[in-house]
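Colleague: Could you walk me through this one? I would like to start with how the chains meet.

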Number of protein chains: 2
Amino acid sequence: MLKGKIAKLAVSDVRFPTSLEQHGSDAMVAVCCVHANPDYSAAYVVIETDDGLKGYGITFTVGRGTEIVVCAVEALSTLVIGKTLEDIVSNFSGFYRCLTSDSQMRWIGPEKGVIQLASAAILNAIWDMWARAEGKPLWKLLVDMDPKQLIRCIDFRYITDALTEQEALNLLEKAKEGKQQREEEMLKEGYPAYTTSCAWLGYSDQQLTQLCSTALTEGWTKFKVKVGADLQDDIRRCSLIRKMIGPENSLMIDANQRWDVAEAISYVTKLAEFRPLWIEEPTCPDDILGHAAISKCHNRVMFKQFLQASALQFVQIDSCRVGSVNENLAIMLMAAKFRVPVCPHAGGVGLCELVQHLILFDYISVSASLENRMCEYVDHLHEHFKSPTVIRNAHYMPPKDPGFSSEMFDESVQKHQFPHGEVWRSILEKNGS
Amino acid sequence: MLKGKIAKLAVSDVRFPTSLEQHGSDAMVAVCCVHANPDYSAAYVVIETDDGLKGYGITFTVGRGTEIVVCAVEALSTLVIGKTLEDIVSNFSGFYRCLTSDSQMRWIGPEKGVIQLASAAILNAIWDMWARAEGKPLWKLLVDMDPKQLIRCIDFRYITDALTEQEALNLLEKAKEGKQQREEEMLKEGYPAYTTSCAWLGYSDQQLTQLCSTALTEGWTKFKVKVGADLQDDIRRCSLIRKMIGPENSLMIDANQRWDVAEAISYVTKLAEFRPLWIEEPTCPDDILGHAAISKCHNRVMFKQFLQASALQFVQIDSCRVGSVNENLAIMLMAAKFRVPVCPHAGGVGLCELVQHLILFDYISVSASLENRMCEYVDHLHEHFKSPTVIRNAHYMPPKDPGFSSEMFDESVQKHQFPHGEVWRSILEKNGS
């Protein structure tokens, strides 16, 4: 199954008009000058070999600009077409280096922004194809893989001062103990999740109360609240939620990069009485020295420094923002070395579907711990995926279908193509554009 | 002149086939898997008001992927069209924030990579238009501007922990002393330059010797050498150049992000005998903690941390990589506060033309010092610009034409459009594509 040549790569600009309902609203959105809300979107990649094997990959975006990522995927596609899956996975770090360091295209990155998102979508499709070829869900492909082969998927450039290949290998060898048990535990109980669906910034107090109450009856115990636009509002909302969930459950807050460093300190001090477990993205995502808690980063070099500088207490991996599984392996291994828990970022379009594979692998094969660990869950847009997440008693249940859970229904993709799919044609006609 | 509405924005993908001659070859280029050399390119923006005022802006790229930046410029153009120049410059930091923080497009940045390059091209065109409207070269527009108005061009978000508005204002007020004299000095003698044209990695020793010898007779005293692909080669090349230029002249080395941290230290130790003044980009441009010398960064927040961490001894600004004049003002002021000299990056397409304005402003209105300061010069592609740089005795002579020196000849743009301009049609036909 690995011998076929990748003969086709198609990429679509798929957008869901979530801005019409204030889902996904956060502090950064609220202060901006135009078009206040996100339309959850994706650059959706389908690759196909000449012997008919397919792979599906996505990268998540929030609306305008998705066409730029699509353009970047097309530019990178020349580096993929014509290669066999075997060419790629037998020297995966070499292929990764090629894709992320093309001598001309690296100028417009490197390994950040549009180009990094486009690389992630393509690499996600390749990982999906590989797992399908092996007939396994991606997490199981990773769990079963020999540590040496895992290491060969990672580009160690720029991180060897924090983690060498040998150290990575040792970490994986050491975590072999108890692996089988942890896999069984996951299959039975799933991986603990927290919900962000209750407390977006654009929701009314009534909406908040109702969502939170439903979530509690469903077994949720960990809740994230978006803050940062107005302090008095935030105090009211945090107080409301803390009252509803009681003192034992967990509350996290997320400011979505709203503050300068001094502002963040002052603001967080005032929210401290609600005992947030963490404060997420208090300031600019590039600001290592200004950070104090948890951050999404755009590549392994940024994560490395956050860890070296003890500038975060939780590592928030993302399946689509960094360079796919390859780079997330490096990040999870560095987190293990620095003994910082990984708590994935999810939500958006397909982020839950994809990242659950990574965090299952992290628990079974790397960290071997659930202490202070949980995976974000947002209850949106799962209906567009062929193998949607399964949540049971606030836990992610391990996917069973082969692949990376990244395939969407053709009909969903067609209808939501921007701007010519039927959903957008009708919205744009109404707006008279 | 400021009342007209910006009615048109056109953007072109302009590429020069420099890869055919090994100009611009560096260590990163040499190790890559495909298409080893850069084609110096630009996304070239022309804006026009409904009363006929024009502005020209560029951002520099190195070939493939320029179409992605063009796509991003088109996406951002909706934020510019319909505004008057007065709307923009009367609250320039507000406009800057809008452009760089559009609620949906910031996801694919923010303020980095493709989106940042596209913002820079647009903002460069606006600054060019403003300077033309005032009938002044850009450096003179800046030098004559009231400090309060200068401050209003800067977005201080995420940097107030390193530099407040008040501190910036104080720096500018303090530097008023001797300003008139420094301006006269610049008009008479120009700003000191160094050359990178002699020692690209792809040049033979003979080419190197000849170029270096010519440069010495032209009055050049400061030389940059590209290194990082092979240590023995580098030792030979550095030794050759040090011998030719003698012990008094300056030698700088540039590794173009080739190394990991430990490699960089070992390599640089071996090149120390040639007494380089600096080592440029020894490792990943995101690696603040791993750096030790000089770096190009993608935004003011990265520069802030390099300065806070004492991780560089020279600040290398770029007219096209960060957010145009607005963000470079912030960076030059932070450098002044931290007493680190600014030595601009130039070369490419139009980088010399643009950045000379900024460094003239830095000397006249901010740093008031030439100690350890110089501006890069590369002798390529100036013939395509209407107001090319004027170098006299290894100094940049202040431009006199109104604007940002960013306008290219129509014919140059037409001929070098990718892929349909006549230069590319003929190359692509030869290659049978």
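Modeller: We can begin with the contact between the chains and then turn to a single residue; please keep in mind that this is a predicted model.

Colleague: How many residues of chain B are in contact with chain A?

Modeller: On the chain B side there are 66 residues, and they are in contact with 67 residues of chain A. The area buried between the two chains is about 5600 Å², and carbon and sulfur atoms give 60% of that area.

Colleague: And how many salt bridges does the rule find across the interface?

Modeller: The rule finds six salt bridges between chain B and chain A. One of them is formed by A:Asp286 with B:Lys112, whose closest N and O atoms are 3.1 Å apart.

Colleague: Which helix gives the most to the side of chain B that touches chain A?

Modeller: That is H2(B), with six residues. By class, the side of chain B that touches chain A has 35 nonpolar residues, along with 18 polar and 13 charged ones.

Colleague: Changing topic, where is the place of A:Asp51?

Modeller: A:Asp51 lies in the loop of chain A between strand S2 (41–49) and strand S3 (54–61). Its side chain is joined to that of A:Thr49 by a polar contact of 2.5 Å.

Colleague: Why does A:Asp51 count as partly exposed?

Modeller: A:Asp51 counts as partly exposed because its relative accessibility is 47%, and that class covers values between the 20% limit for buried and the 50% limit for exposed.

How values were computed:
Residues are numbered from 1 along each chain as its sequence is written. Chains are lettered from A and ligands numbered from 1 in the order in which they are written. This is a predicted model: local features need pLDDT of at least 70, side-chain atom pairs count only at pLDDT 80 or more; totals for chains, interfaces and linings use all residues. Side-chain values use heavy atoms; hydrogens and water are left out. Contact means heavy atoms within 4.5 Å. Buried area is the accessible area (1.4 Å probe) that two parts lose on being put together, summed over both. A salt bridge is a side-chain nitrogen of Lys or Arg within 4 Å of a carboxyl oxygen of Asp or Glu. Helices (H or I, at least four residues) and strands (E, at least two) are DSSP runs, numbered from the N terminus. Ala, Val, Leu, Ile, Met, Phe, Trp, Tyr, Cys and Pro count as nonpolar, Asp, Glu, Lys and Arg as charged, and the others, Gly among them, as polar. Buried means under 20% relative accessible area, exposed over 50%, partly exposed in between (1.4 Å probe, protein chains only). A polar contact is a pair of N or O atoms within 3.5 Å; within protein, one must be able to donate a hydrogen and the other to accept it, and residues adjacent in sequence count only if both atoms are side-chain atoms.
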